[in-house]
Amino acid sequence: QFSREKQMNNLHLIKIESRKAFSRIGEHILFLLRLVYKNVRIMSLRQYIFLLCILSFSSPFLMSQSSSAQVAGAKFLKETNLIFVGELVEKESHWSDDQRFILTRHIFKVEDTIKGIPGQMVEIIEYGGTVGGITQEVTHVARYEVNRPYLIFSYRDDLQRNRTMGGVLGQFRVIEGSPNQRIVRIYSSHPLTSILGGQSSSIFWDLDNFSATLEEKLVVEEW
């Protein structure tokens, strides 16, 4: 168990560094595009051809990143093991077995189930937290507040722990609307918009309608 958790922690570090590398590459390509736009009239033919070659080599990388995002959207529902509405009732951080990472254990009281059999309580583990005055912050992970309700999409990692699917993408805070109405908000960039057919930049869904639509989609696709 110790060795396997160490491997998972190393993989987590690789993923973080990969995201940073992709970000740096994207910024570099954007700089080149701006350079071409501003200087194309004064550049020599040799310089212009050189920049075009760099951009042509970069295009497959950018296309692959776009394709990956589309695949993630298509598999978002399929790869979840649980979809449920629950209130966070307990939150506790601790060091990993190798003392390299802080993990936070979240306990949710389940109010409604859309996929899977979560039982009355569900444990979600996320990287990051505070232990003994030491804080580790990890980007792109879901953060939860005690005594607040959420709609959560989770998956099982290689250590058989429930984790939030896609980090913040798998976490929807339930908003109290008018009396007896609860709402969730989904943006057009979210993978679920392609599945649910959303179009506007910010869509507010009645929680019951949103849950019913997800259940219907799960039945149709047999996910």
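The legends below describe close-up views of a predicted model.

**View 1. The second largest pocket and its lining residues.** This pocket, with a volume of about 270 Å³, is lined by V168, L169, Q171, F172, R173, I175, R185, I186, Y187, S189 and H190. Two or more of the lining residues are supplied by each of the strands β8 (171-173) and β10 (182-187). By residue type, the lining of the second largest pocket divides into 6 nonpolar, 3 polar and 2 charged residues.

**View 2. The largest nonpolar core.** Among the 21 residues of this core, those that touch the most other members are L77, L151, F153, L192 and F210. The elements giving two or more residues to the core are β1 (82-95), β6 (149-156), β10, α3 (191-196), β11 (202-206) and α4 (207-221), and the largest share, 4 residues, comes from α4. Apart from this core lies another one, of 11 residues, which includes L88, V122, I124 and Y144.

**View 3. The surroundings of L151.** When residues up to four places away in sequence are not counted, L151 touches I83, F84, V85, I114, G170, Q171, F172, V174, L207 and F210. One of these contacts, F210, is listed together with L151 among the core members that touch the most others.

**View 4. R163 in strand β7.** R163 lies in β7, which spans residues 162-164, and it counts as buried because its relative accessible area is 9%, under the 20% cut-off. Leaving aside residues up to four places away in sequence, the contacts of R163 are I124, I125, E126, Y127, F153, S154, Y155 and D157. Of these contacts, F153 also belongs to the largest nonpolar core, whereas I124 is a member of the core of 11 residues.

How values were computed. Residues numbered from 1 in each chain as written. Predicted model: local features only at pLDDT ≥ 70, side-chain atom pairs only at ≥ 80, totals over all residues. Heavy atoms only, no water. 1 Å grid on protein atoms, 1.4 Å probe; cavity = no way out; pocket = protein on both sides within 12 Å on 5 of 7 lines; lining within 4 Å. Points joined across faces, edges and corners; volume = space filled by probe spheres on them. Nonpolar A, V, L, I, M, F, W, Y, C, P; charged D, E, K, R; others polar. Core = buried A, V, L, I, M, F, W, Y, C linked by side-chain atoms within 4.5 Å. Buried < 20%, exposed > 50% of the residue type's maximum accessible area, 1.4 Å probe, protein only. Contact = heavy atoms within 4.5 Å.
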